Amino acid sequence: MRLDPDSTSSNGPQHHANGSSPTSQKNGISTSANGHSSPTNGHSSPHQNGFSTSIARSKSSSFFGHDREEVTRLLIQGLGDLGYHGAANRLIHESGYEVESPAVAAFRNAILQGQWSEAESLLFGVDSEADGGGVSISNGHSHHFGGLKLAANANPDSMRFSVREQKYLELLEKTETTTAIMVLRHELQPLRQDVGRLDHLSSLMVCPTVEDMMRQAHWHGALGNSRQTLLQELSRSISPSVMIPEHRLAVLLDQIKQSQIAKCLYHNPSTSPSLFTNHMCDRTQFPLQTAFELNQSDGEVYIVEFSHNGQGLAASGADGATVIYDTSTFQVRHTLREHTRPIVYLAWSPDDTRLITCSQDNKARVWDASTGMCLLQIDHHNQPVSTACWAPDGETFVTGSLDKQSQLCLWTLDGRPSYNWAIDYRVQDCAISADGQRMVTISSERQIFVYNFVTREEEYSILLRTKMTCLSISRDSRYMLVNMADNEVQLIDIESAEIVRRFLGQKQELFVIRSTFGGADENLIISGSEDSKVYIWHKENGTLIETLEGHTRGCVNAVAWNPADPSMFASAGDDMIVRIWSKETAPSLSRRKSSAPSSHRGSRYL
């Protein structure tokens, strides 16, 4: 397809070895670390697995090349995360190690209870010239404490600012404005941190309601998760040897899995890899064979998309029709024919009950996917409707157009315009993140725009060196995938706006070629190409793992991976064919209709 030629917490549960843990001891059974139990005749024993506490302390400090104390503390924290508090306490008793010191526990409690002066004293200590330095943390027995050990890159003033900012916001929440002003002037301003942030905090005092203040501050209140969020933020600046990052064992296990997945080129299982064995997927289980050829279209096919439940497949293109297939048999369910010019985009609603189609007849239509009836026609735009996307709740949707007026509009299901973005560029494509927080658009003028979909405000824009043809957003809302007109696909971090990875090999210079995330965990990148081939890369390392032939001529315009079946994807091309790829070839290819070759290639030029 061608563009319009005119377009330019905490660290887990706290454990105690003094009997205060809320666990019960069952008589007759003692717990061991290997999944077996042994009888104790109803008596507790200081010896487990043949070692006493004194023997445990005398063991080597190394554990298969790892620090024994670190491993033990991670196990204690992990047992607590799993809910095995009794086992965690027994490990504390036998090893002599604890997850954290009393000072760390006191600091956590001070943050979660809103004891801000106490929290700062525990974090940094107290100026010895003021009162001798240190605070009491030993059950009423006074001694001095010099503060927690900070990470090498920690900024103490930035940490103080975060604590005092929370204090300030909580005072505003309680409508104690006078005290809040004192905190702003005498505690926050002297730190000389972010001036813009200080101005924003100052402006919150004039908010008409507490709710409005919380909304503008993007803050959830003292009774929300704001204190827990603050604790997590501060913990990143505290030495991990003092305050182990929360759920650290689970994070390490996940890193092990991700490392193995990164080395597995054909990783595409529907279940998570086991920790018991080294992981490697077999190429024979990868969808490399054509199972069906669907040629119900009378022209080039520009867009193909599976429904979210994987039970439907919709394909549209140059003939202005949309064919909906039942993926259990790939029989035609409906053919939608009311557009008068080529259809360049389509999108399923989140619940798969509706389908939007966007056409070069300057209209978008909303269809009932079960009956095939047209429910709504949007004829607001003066130029081709290039794209559409649904809000995650399915109650509204956005259309984008190549015209210079009302290019980007939000609509209700009954066709009422809910919001128009005031922009001055032509919209090539758009997508809304699954968490509903952001909307991303690309323009025909080489720019990416990222909006806060909740507030409708633009967050940032990126100017690129070449034109783009399409974008998609990952299910975890972290990344955008953008096809470039210089034979490149880029993976971009939405939060940081940094390019994470480039995928090379496919051909794209003149026509709109679409890519998408693929595989069970979206660990693959798949794209069409101008050389009639399908390209598949490993997302984590950028390796081109397959180049698939099958389409007979022209472009492979679009690809789609079945979200319910990781062993199936579809490709659509200028040869008027939708190919269904699977790990096994069907007994007979489905060729239900023949059609004459098309006289033109592509409908949208770059």
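User: What joins E5 to strand E32?

Analyst: This is a predicted model. Five bridges join E5 to strand E32, residues 578–582, and the two run antiparallel. Two strands pair if DSSP finds at least two bridges between them, so E5 and E32 count as paired. Thr 290 has Trp 581 as its bridge partner in E32.

User: What makes E5 and E30 edge strands?

Analyst: The open sheet has four strands in the order E5-E32-E31-E30, with antiparallel pairing. Strand E5 (289–294) and strand E30 (556–561) each pair on one side only. From one strand to the next, the twist averages 25°.

User: Why does Tyr 168 count as buried?

Analyst: Tyr 168 has 0% relative accessibility. Buried means under 20%, so Tyr 168 counts as buried. This residue is found in helix H7, residues 156–173. Tyr 168 touches residues including Ala 180, Leu 188, Leu 201 and Met 205.

User: Why is the pair of Trp 390 and Phe 397 called tilted?

Analyst: The ring centres of Trp 390 and Phe 397 are 5.4 Å apart, and the planes are at 55°. Pairing needs centres within 6.5 Å; planes under 30 degrees apart are stacked and those over 60 are edge-to-face. Trp 390 counts as buried at 8% relative accessibility. Phe 397 counts as buried at 1%.

User: How do you know that Tyr 425 and Phe 449 are stacked?

Analyst: Their rings are 4.1 Å centre to centre, with 0° between the planes. Stacked requires under 30 degrees, so the label holds.

User: What does the pair of Tyr 425 and Phe 449 tie together?

Analyst: Tyr 425 lies in the loop between strand E17 (417–420) and strand E18 (427–432), and Phe 449 lies in strand E20 (residues 447–452). The pair therefore ties together parts that are 24 residues apart in sequence. Tyr 425 counts as buried at 3% relative accessibility, and Phe 449 does at 7%.

Methods: Residues numbered from 1 in each chain as written. Predicted model: local features only at pLDDT ≥ 70, side-chain atom pairs only at ≥ 80, totals over all residues. Heavy atoms only, no water. Axes fitted to C-alpha atoms, helices over the stretch in contact; angles between N-to-C directions. Buried < 20%, exposed > 50% of the residue type's maximum accessible area, 1.4 Å probe, protein only. Contact = heavy atoms within 4.5 Å. Phe/Tyr/Trp six-rings, centres within 6.5 Å; stacked < 30°, edge-to-face > 60°. Lists of a residue's contacts leave out its neighbours within four places in sequence.
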